[in-house]
Amino acid sequence: MRKSGILMHLASLPSEYGVGTMGAAARKFADFLSDAGQQYWQLLPICPTSYGDSPYQSFSTFAGNPYFIDLDLLASEGLLDKKEYVSVNWGDDVSRIDYGRLYEQRYPVLKLAAKRFLENEPEDFETFCELQAFWLEDYALFMTLKDAHDGCSWWQWEDELKRRDHSAIDKVRETMAEQIAFWKVLQYFFFRQWKSLKQYVNDKGIDFIGDLPIYVSQDSVDVWAHPELFQLDENLMPKEVSGCPPDGFSATGQLWGNPLFDWDKMAEDDYAWWVGRIDYFCHIYDVLRIDHFRGFDSYFAIPYGAETAKDGYWKQGPGMKLFNAVEAKIGKQPIIAEDLGFLTDSVKKLLADSGFPGMKVFELGFDSRDTNGNGYQPHNFIRDCVAYTGTHDNDTIQGWFASADPVDAEWAREYFRLTKEEGYHWGMMRALWGSVADTAIVQAQDLLGLGSEARMNEPSTVGRNWQWRALPGVFTEELAQKIHRMMVLYERVN
């Protein structure tokens, strides 16, 4: 069956409390998706954000973002009084997320709920902690130590903590047990609400497409707890870091800064950490999108301390050895490969050998800055792919037309027969839905016809990324019915 979905970050849902959550607004959006004849809700990573607010740079690959815990749901359980949070100023602009204010004001409210929860701890809390112990113990300890060090990165801690000396760690567990429990309770809150939301969404006939970043953050519990899995020096600092080479969008490339995996070390136990990671997220979501898939074929390594990506070079990745190990341990999984970027013949072979559908992005197919986008026009699509007008790293459709090279913009207008009367965004979305691609995903911002002010992320920039929020009431029944008519027309709904 031909399917379609909408890409909408949880953080971007309307909310009175500064950021989207897993409460009423999420369910209302699921209702909208159902009315619009959609089968997928695609998310950005739901892990905690760290400095820079990017969901692709997290303190933990396994944890859930505490900001997404719905306060009204906690109040309905008697864990909060509404007056403890409704009067808080969560931000002055309802269309933007103020992460600084969230950081300062969300945790005091959550601590009130956690304290009441622990005073009458339910039996399933201990069960949750036991089932998630493989990551939760280290995560709660890590966040407790970060708080105790005023947010300093783990490599700036005392040497015995930086290197996880057993006696030092045992002392922390003994003297800071209350703080450690707080971080465990937040994860219990998160995953209890996530389970409830996912059930609601699935009951509507909608599946979640989750997003798994290939890399983890340097300042994460993942690196602190498992330094042997990364290319680190004797001081536990990266030898080289991640990024991508210069291209038509950036003359200096992109310097992401993540530590690189030690693939040789990981191969010694048949990539057990990666197998566990993929298995975990295949249980969290219904379909899993793996970011930067080409990095499993070969990855770009940049000397640590470099100011740009210019001096980086390509190194060999694990290739099919990793995905063979995954399939041998947990079977074939519903995975989407984000195969964008510099694609060599070996990357294309890896995609074919994996059997995963790749991605096609309209905007890249008509942007002369992207030398890899020649296969992204609809006449080059194959059925077994997931097609997008744009992703979180692209501008919105309206924003792209306002900023693209005039020649590129005219090419797209002529190709898609776009008119201002219909709206350029509607013309491109209609072409996407009408393409042969088995699955078509559009950004929520494009459904609303928004411009660059609603762009989620502009790579290699800081300051205004990841902040867009939808205004209350914009996902109307009228809009849902308009989309539904398109789904019927292009046979993407029963």
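Visitor: What makes Asp367 buried?
Guide: Asp367 has a relative accessible area of 5%. Buried means under 20%, exposed means over 50%, and partly exposed is in between, using a 1.4 Å probe and protein chains only. So Asp367 counts as buried. Keep in mind that this is a predicted model, where local features need pLDDT of at least 70, side-chain atom pairs count only at pLDDT 80 or more, and totals for chains, interfaces and linings use all residues. Residues are numbered from 1 along each chain as its sequence is written, and side-chain values use heavy atoms, with hydrogens and water left out.

Visitor: Why is the pairing of Arg369 with Asp367 called a salt bridge?
Guide: The term asks for a side-chain nitrogen of Lys or Arg within 4 Å of a carboxyl oxygen of Asp or Glu. The closest N and O atoms of Arg369 and Asp367 are 2.7 Å apart, so the pair qualifies. Arg369 itself is at 36% relative accessibility, so that one is partly exposed.

Visitor: How many salt bridges are there?
Guide: The structure holds 23. One of them joins the side chains of Glu137 and Lys184, at 2.8 Å from N to O. Glu137 sits in helix H5 (residues 133-148) and Lys184 in helix H8 (residues 177-203), so this pair ties together parts 47 residues apart in sequence. Helices here are DSSP runs of H or I with at least four residues, strands are runs of E with at least two, and both are numbered from the N terminus.

Visitor: What does Gln39 reach with its side chain?
Guide: The backbone nitrogen of Ser4, at 2.7 Å. Gln39 belongs to the loop between helix H1 (24-35) and strand E2 (40-42). At 10% relative accessibility, Gln39 counts as buried.

Methods: Polar contact = N/O pair within 3.5 Å; in protein donor to acceptor, adjacent residues only side chain to side chain.
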